[in-house]
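Subject: A structure for you to look at

Hello,

Here is the structure I promised to pass on. Have a look at it first, and then read on for what turned up in it.

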Amino acid sequence: MPHATLPPLTRRAFSLSLAGAGVSLLRSAQSDMHWALISDTHIPANPAEAYRGFKPQDNLRRIVPDVLKANPQGALVSGDVARLEGLTADYEAARALLQPVSEKMPLALTLGNHDHRANFLGVFGKSQNGVQSVSQKHVLVIESAGLRFIVLDSLLTPNSTPGLLGKAQRAWLATFLQQSSDLPTLLIVHHTLDDGDGSLLDAPRLFDILKPHRKVKAILYGHSHRYAYEMWEGVHLINLPAIGYNFNDDQPVGWVDARLTATGGAFTLRAIGGNLEKDGKTVTLAWRP
Ligand SMILES: [Zn+2]
C-alpha cells in the first residue's frame, strides 16, 4: 500500500499509486506542474538567531503567505532545512513554520549538508509523499501526467560541506531511469554539481548515469545560496536561491515560483531580501527534445 497520507485538499489533484515493482509515486492527474521551489531555509530552533543580518525564521514566516497566495500544486525545499547541525528542535520549528503549506499541498523536503537524516525523519516522518526504498537515503518520486520530479539525497555527514549520492542511490537511480517511462524528468538534489571540494563529490558519476537518458531535462539544486542558470549537454542546471540568508550581497534571498510543462518551464523569482534586482523576473526555459 502507499505510504503517505495526503491532506484532503490535495487528494483532488494528487494520489499515491504503485507503479512498477514496488515503486510508490506521488502522482497528479494534471499534466502541468505549478510548484513553489524553496531552498536552504536554515531554520534554527531560536527565532532570534540571525546570520549576516537575516533571521531565517522570519524569512520563512514571511514567504509562507506568498506561497499560499500563489496557490501552487506543491512545494519543495531542496535541502539545508535546518540551521547547521540538523537538531530535532530546528526541524520542529521548520515543521511548524511550514505547516500552513503542508496542510494545503504536498510538501517535498530533501536533505542538505546542514541536515541530520535521523532527526529529520524523526520530525517529518519516514513515510513522506512518494518516498522510495533506497538504502540509507531519503529519495522521493513525484509525477504529474506530463512531468516527473526525482528528489535525491546528497547528505554525507551533518555540518560538513561536501555531498555524496553514494553507490546505492546511484544504482537505484540508474535502474529507475532505465525502467521508468519517458516522462520529462527533473532531478532535485541539494549540492552544487561543479568540481569544488564542497560540492557533490560523485557529480561526474551522476552525469555518467544521466547521459543516455534524454528524458532528464533539468537538475535543480541549492547549497551555494546563489541564483543561477547554467547548462550541461542540453540539461538545464538551476541553482535555487536561499531563503535563510545569502552569502554575498549580490545574491537574492527568496524562492522561485515554477510553472512546468512537458516542454519547458517558467521560473519567477520571488525575492524578499538581498539583491532585489531580479525580483518578479521570469526565466523561461525549453527542455531539450
Ligand atoms: Zn545552505
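A residue counts as buried when its relative accessible area is under 20%. By that rule, Asp40 and His225 are both buried. Please keep in mind that this is a predicted model.

Those two residues belong to the metal site. The zinc ion is coordinated by Asp40 through OD, His42 through NE2, Asp80 through OD and His225 through NE2, at 2.1 to 2.3 Å. Along the chain, these donors follow the spacing D-x1-H-x37-D-x144-H. Asp40 sits in the loop between β3 (33–38) and α2 (56–70), and His225 in the loop between β9 (216–221) and β10 (228–232), so this pair ties together parts that lie 185 residues apart in sequence. The angles among the four donor atoms run from 90 to 176 degrees, and the site is irregular.

The largest core has 32 residues, and Leu60, Ile63, Val67 and Leu109 have the most contacts inside it. At least two residues each come from β3, α2, β4 (74–78), α3 (88–102), β5 (107–110), α4 (117–124) and β12 (252–260). With six residues, α3 gives the largest share of this core.

Enjoy exploring!

Best wishes

Notes. Residues are numbered from 1 along each chain as its sequence is written. This is a predicted model: local features need pLDDT of at least 70, side-chain atom pairs count only at pLDDT 80 or more; totals for chains, interfaces and linings use all residues. Side-chain values use heavy atoms; hydrogens and water are left out. Donors are N, O and S atoms within 2.8 Å of the metal (3.2 Å for Na, K and Ca); water is not among the atoms, so sites may look incomplete. Four donors count as tetrahedral if all angles lie between 85 and 135 degrees; four count as square planar and six as octahedral if opposite donors are over 155 degrees apart and all others between 65 and 115; anything else is irregular. Helices (H or I, at least four residues) and strands (E, at least two) are DSSP runs, numbered from the N terminus. Buried means under 20% relative accessible area, exposed over 50%, partly exposed in between (1.4 Å probe, protein chains only). A nonpolar core is a set of buried Ala, Val, Leu, Ile, Met, Phe, Trp, Tyr and Cys residues joined through side-chain atoms within 4.5 Å.
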